[in-house]
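Please summarise the fold, surface and salt bridges of this model.

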Amino acid sequence: MLESFMQGAGNPDKLREAYRRAIPIGRLGKPDDISGAVVFLLSDDGEFITGQVLSVSGGLTMHG
């Protein structure tokens with residue numbers, strides 16, 4: 001999804017690098033990052049979790 005957005009930018013490589021630098025983990029997210037969170041929430045380990053927002057952002061939303 002982000003890839004198609006970046007292609008519309010004047011300099012997609014520069015925008016990609018700016019996003020990467022802004023994320024504390026140091027990389028852009030991958031589909032497996034989301035699916036891992038979903039699998040956890042659907043597992044027995046996540047059965048008591050209700051009404052929460054789980055940010056899968058590599059620390060971007062906590063960084064400010």
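In which helix is Pro-12 found? Pro-12 is found in helix α2.

This is a predicted model: local features need pLDDT of at least 70, side-chain atom pairs count only at pLDDT 80 or more, and totals for chains, interfaces and linings use all residues. Residues are numbered from 1 along each chain as its sequence is written, and side-chain values use heavy atoms, with hydrogens and water left out.

## Fold and dimensions

The protein has four helices and zero strands. Helices (H or I, at least four residues) and strands (E, at least two) are DSSP runs, numbered from the N terminus. The pattern along the sequence is α-α-α-α.

The radius of gyration, taken over C-alpha atoms, is compared with a globule rule of 2.2 Å times the number of residues to the power 0.38. For 64 residues, a compact globule would come out near 11 Å, but the protein has 15 Å. Along the principal axes, the C-alpha atoms fill a box of roughly 45 × 25 × 20 Å.

Contact means heavy atoms within 4.5 Å. Take the contacts between residues at least 6 apart in sequence: 30% of them join residues at least 24 apart.

## Surface and charge

Accessible areas come from the Shrake-Rupley method with a 1.4 Å probe; for residues, only the protein chains shown count as cover. The protein exposes about 5300 Å², and carbon and sulfur atoms supply 60% of that area.

Buried residues make up 9% of the 64 residues.

Lys and Arg count as positive and Asp and Glu as negative, while His and the chain ends are not counted. The place of a charge is NZ of Lys, CZ of Arg, CG of Asp or CD of Glu. There are 6 positive and 8 negative side chains, and the centres of the two sets lie 15 Å apart.

## Salt bridges

A salt bridge here is a side-chain nitrogen of Lys or Arg within 4 Å of a carboxyl oxygen of Asp or Glu. The count comes to four.

Why can Asp-13 and Arg-16 be described as about one helical turn apart? They are three residues apart in helix α2 (residues 12–22), so about one helical turn separates them. Asp-13 is exposed, at 56% relative accessible area. Arg-16 is partly exposed, at 22%.

Glu-17 and Arg-21 are four residues apart in helix α2, so they too are separated by about one helical turn. Glu-17 is partly exposed at 31%, and Arg-21 is exposed at 57%.

Arg-27 is partly exposed, with a relative accessible area of 35%. Asp-33 is partly exposed, with 24%. Elsewhere, salt bridges that share partners join Glu-17, Arg-20 and Arg-21 into one network.

Is Met-6 buried or exposed? Met-6 counts as buried, at 1% relative accessibility. Met-6 lies in helix α1 (residues 2–7). Leaving out residues up to four places away in sequence, Met-6 touches Pro-12, Leu-15, Arg-16, Tyr-19 and Leu-28. Met-6 and Ser-57 are 51 residues apart in sequence, and their C-alpha atoms are 17 Å apart in space.

Pro-12 also counts as buried, at 18% relative accessibility. With residues up to four places away set aside, Pro-12 touches Met-6 and Gln-7.

Phe-40 lies in helix α3 (residues 31–42) and counts as partly exposed, at 36% relative accessibility. Which residues does Phe-40 contact, leaving aside its neighbours within four places in sequence? Phe-40 is in contact with Asp-45, Gly-46 and Ile-49.

Phe-48 is found in the loop between α3 and α4 (60–63). Phe-48 is exposed, with a relative accessible area of 79%. Phe-48 and Ala-37 are eleven residues apart along the chain, and their C-alpha atoms are separated by 15 Å.

Technical notes: Buried means under 20% relative accessible area, exposed over 50%, partly exposed in between (1.4 Å probe, protein chains only).
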